[in-house]
Every structure is written in C-alpha cells, then in structure tokens.
Amino acid sequence: MNILFLGDLVGEGTLPFLKKNLPNILKKYNISFVIVNGENLAEGYGITPNLCDQLFNLGVDVISSGNHIWDQDNIIPYIAKQENLLRPINYSEKSPGRGIGKFTDKLGNKIIVINVSCNLFMQKADNAFIKIKDLLKGIKLKKDCDAIFVDLHGEVASEKQALANMIDGSVTAVIGTHTHVPTSDLRVLPNGTAFQTDAGMCGDYDSVIGGNKNSWIEKFNLKNNIKKIYSSNKNTTLCGAIIKVNRDNGLTSFTDQLILGT
C-alpha cells in the first residue's frame, strides 16, 4: 500500500497543475490513497465546498487542514456533514467537523487519518501531545486499521520532531505542514514511523510562502499594515511525501520526497 500526501495547497491556481499531474503520480508510484492539506486553497485563506468537491473529483481521498480552516464561512455547514474533510482534532469539541476519520483505500485497506495542530505560535488549541497520546491508547495498528497517518500542522520544528518521536512506532507516518517550506529530513524513525518536519506547499515558489512577494515586502516594511496577502499563481510546484506501508505491521518500509515543478 502506497499513500501520497501533498502539503498545503496554496491558491486556486494549484488545481490545474494538480489535475494535469496527479494521474501520472498515482500510476507511477502505484498510489492507493491520497491525502492533501487544503486549508490555503481559497487564494491562501481557507477552503470552500466547491474547492473540496473539485479535489475529491480529482481523486483526493481526504483533505486535512489547520489554522485557516474557518476563513471561509461556507465551509462550516459543509465540514459538519463531509467526513472526508478534517480539522485539527485538538480544536474545541464544539467546533463543527472532526479531526479523525477511518477510510478505505482502493485496495480495501483501512486507513485512519488524524489532523493535529501544534501549540507554539499557533492559535489556541488543546495540548497536542496529551491529545494524541490519549487518542492512540484506543487505536492500534493491524488491530484497528492497516495504517495511521498524522498531519501535524505547526510552526516550530522542535515541537513537530518531539511529538513524532513520542509516537514513533505507534503510527505509520507523521508529516508536518503549515510553514510552506519543504524540509529535507524525510526519513523513517527508529521504530518505523515515517517523519518529515514539513512537506512544503503546493503552489508558486516564486513567492513568499505562496503569497505575492511585493505584498509581503510591503507588509514588513510598513509594519504589518496589510491584513491579507493573496496567493501568487505564476509558477506551480507539487510537494509532498510518498509512504510505502508495511503490510505486516502497518509501519513504514520506505518513503520518498515528492517535488514536482519549478
């Protein structure tokens, strides 16, 4: 079983590039399940029901998210009903939607996907370490599912690395999102869990984290007077990770970084 995870999709201009390249990626790597982080797809700010439906129609199985999940008001009634769109599990229990789901891939394997938000320099959420540790007490690889995938949405590398090492051997993969910068540390940890500090974004890298360069420069020069910086769509790149799951224990037997585009 091979799982494809794509980091934060930034801007609607990502969709045509994804549509063009995803079928070839799925075929080349024999992918049976696709997860993407879609929280920046609506020009950098959240995601809409229409954009979610477009992703599902392209072959995406699960959309994870993060701190921008509530930026578009019309996503609230949608996420309350759409089980394949996740928000961080350690957000308030009163929040619509859910942060965990159990899904079936094209081969009939059962895959649990968990969306978690870090705490350092992020919006308020319950302690990620306590939440994931308590959650995994009731979920076991090869007993309850064939794979467990964690999208760890956070700002700080040390926090992501510490959490991943804490649950090494209990989940298939922990892949970081949010910074929009692909790190070169994708690897399998000692006890069999794949980890990468950040998968990087899918979007325009001739930018500042996917946004218009000049707007970001002006923002910092003028001390943050610009509230919104919309996504840049000149060049497009797909960044993510491919996880090969060991069918005997549900851990990772091999992983490879995906960077496709300019």
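Modeller: Helices (H or I, at least four residues) and strands (E, at least two) are DSSP runs, numbered from the N terminus. On that basis F195 belongs to strand β9, residues 194-196. The model is a predicted one: local features need pLDDT of at least 70, side-chain atom pairs count only at pLDDT 80 or more, and totals for chains, interfaces and linings use all residues. Residues are numbered from 1 along each chain as its sequence is written, and side-chain values use heavy atoms, with hydrogens and water left out.

F195 has a relative accessibility of 0%, and therefore counts as buried (under 20% relative accessible area; exposed is over 50%, partly exposed in between, with a 1.4 Å probe and protein chains only). Contact means heavy atoms within 4.5 Å. With neighbours within four places in sequence left aside, F195 is in contact with K160, Q161, A164, V174, I175, D185, L186, R187 and L189. One of these, Q161, is 34 residues away along the chain, and its C-alpha atom is 8.1 Å from that of F195.

Among contacts between residues at least 6 apart in sequence, 64% join residues at least 24 apart. The C-alpha trace spans about 55 × 40 × 35 Å along its principal axes. A compact globule of 262 residues would have a radius of gyration near 18 Å, and the 17 Å of the protein agrees with that (taken over C-alpha atoms; the globule rule is 2.2 Å times the number of residues to the power 0.38). The accessible surface is about 11,600 Å², with 50% belonging to carbon and sulfur atoms (Shrake-Rupley method, 1.4 Å probe; for residues, only the protein chains shown count as cover). The mean positions of the 28 positive and 26 negative charges lie 2 Å apart. Here Lys and Arg count as positive, Asp and Glu as negative, and His and the chain ends are not counted; a charge is placed at NZ of Lys, CZ of Arg, CG of Asp or CD of Glu.

In α4 (128-136), the buried residues are A128, I132 and L136. They fall within an arc of 50° seen down the axis, so they line one face of α4 (the arc is that of the directions from the helix axis to the C-beta atoms). An α-helix has 3.6 residues a turn, so residues three or four places apart point the same way. The buried residues of α4 pack against β5, β6 (147-153) and α5 (157-166).

In helix α2, residues 49-58, the buried residues are P49, L51, C52, L55 and F56. Their arc around the axis is only 160°, which puts them on the same side of α2. Their packing partners are α1 (14-28), β2 (33-37), β3 (62-64) and α3 (75-81). Just after α2 comes G59, with a positive phi of about 115°.

A42, in the loop between β2 and α2, is buried at a relative accessible area of 9%. Beyond four places in sequence, A42 is in contact with E12, I47, T48, L51 and Q72, and L51 is also one of the buried residues of α2. S231, in the loop between α6 (213-221) and β10 (237-245), counts as buried at 12% relative accessibility. S231 touches V10, G11, E43, G44, G210 and G211, residues up to four places away not being counted. The C-alpha atoms of S231 and G11 are 5.3 Å apart, across 220 residues of sequence.

N30, in the loop between α1 and β2, has a relative accessibility of 60% and counts as exposed. Although not a glycine, N30 has a positive phi, near 55°. F121, in the loop between β5 (110-117) and α4, is likewise exposed, at 73%, and its phi is near 60°. G108, in the loop between β4 (100-104) and β5, is partly exposed at 42%.
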